[in-house]
Amino acid sequence: MATDRADLLRELNGDVWQPLRAAYAARDAEAFLALHAPDLIRASATNHTIFGLERYAAQVRPWFAGLAARGDLVEITFRFTERLVSADLAGERGVFRIVLQPIGGDRMVLYARFHTLSRKVDLRWRIAVDYDTNDGGSVDAKAFDAAVAEGDVERFTG
């Protein structure tokens with residue numbers, strides 16, 4: 001069991017962030033949704049919405065299915081500006097980048113800020129609150145590059 005902050009952040013990476021990236025790349029909605037707590041609160045300032053896991057699943061499943069059916073490729077990458085962690089609770093903020101490559105279409109790159117609150121559920125980290133915003137379209141590659149890579153956990157343990 002992890003005892004120091006660096007170990008806990010590595011656990012978070014292994015339980016949440018690495019599988020989340022893999023689920024996106026595989027366009028696997030069920031694997032993606034399994035990374036969230038059953039009582040998830042999902043909020044998007046970009047879309048002016050807030051709701052729970054059931055409604056989130058109703059959005060995610062057809063989106064991933066459409067990507068897979070068309071053969072579109074999608075990749076998500078996270079970089080962090082803040083990572084707070086205790087033995088069973090975590091708060092993380094940062095910037096994510098989604099790269100979408102539609103078959104026969106132009107590559108699209110989207111950026112937004114995220115803020116997640118996670119907790120351990122059955123000894124595994126799960127996202128309990130997920131908030132994102134594109135800050136009116138102002139989040140860009142510069143903001144993404146200025147944040148800290150997922151694997152650089154030592155930057156958040158000082």
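**A tour of the salt bridges and the sheet**

There are 14 salt bridges in this predicted model, a salt bridge being a side-chain nitrogen of Lys or Arg within 4 Å of a carboxyl oxygen of Asp or Glu. The model is predicted, so local features need pLDDT of at least 70 and side-chain atom pairs count only at pLDDT 80 or more, while totals for chains, interfaces and linings use all residues. Residues are numbered from 1 along each chain as its sequence is written, and side-chain values use heavy atoms, with hydrogens and water left out.

**First stop: two salt bridges across the chain**

Select arginine 61 and glutamate 30. Their closest N and O atoms are 2.6 Å apart, in a salt bridge. Arginine 61 belongs to helix 3 and glutamate 30 to helix 2 (residues 29-33), so the pair links distant parts of the chain, 31 residues apart; helices (H or I, at least four residues) and strands (E, at least two) are DSSP runs, numbered from the N terminus. Arginine 61 is partly exposed at 40% relative accessible area, and glutamate 30 is partly exposed at 45%. Here buried means under 20% relative accessible area, exposed over 50%, and partly exposed in between (1.4 Å probe, protein chains only).

Next, select arginine 119 and aspartate 39, whose side chains meet in a salt bridge at 2.5 Å, N to O. This pair also connects distant parts of the chain, with arginine 119 in strand 5 and aspartate 39 in strand 1, 80 residues apart.

Seven of them form an open sheet in the order 2-1-6-5-4-3-7, with mixed pairing; two strands pair if DSSP finds at least two bridges between them. Strand 2 (49-51) and strand 7 (148-149) are the edge strands, each pairing on one side only. Strand 1 (residues 36-44) and strand 6 (residues 124-133) run parallel and are joined by five bridges. Serine 44 has aspartate 132, in strand 6, as its bridge partner.

Axes are lines fitted to C-alpha atoms, for helices over the stretch in contact, and angles run from 0 to 180 degrees between N-to-C directions.

Helix 3 (residues 53-70) lies across strand 1, strand 2, strand 3, strand 4 and strand 6, at about 80° to strand 1.

**Last stop: a network**

Select Asp7, Arg10 and Glu154, which are linked in a network of salt bridges.

Conventions:
Contact = heavy atoms within 4.5 Å.
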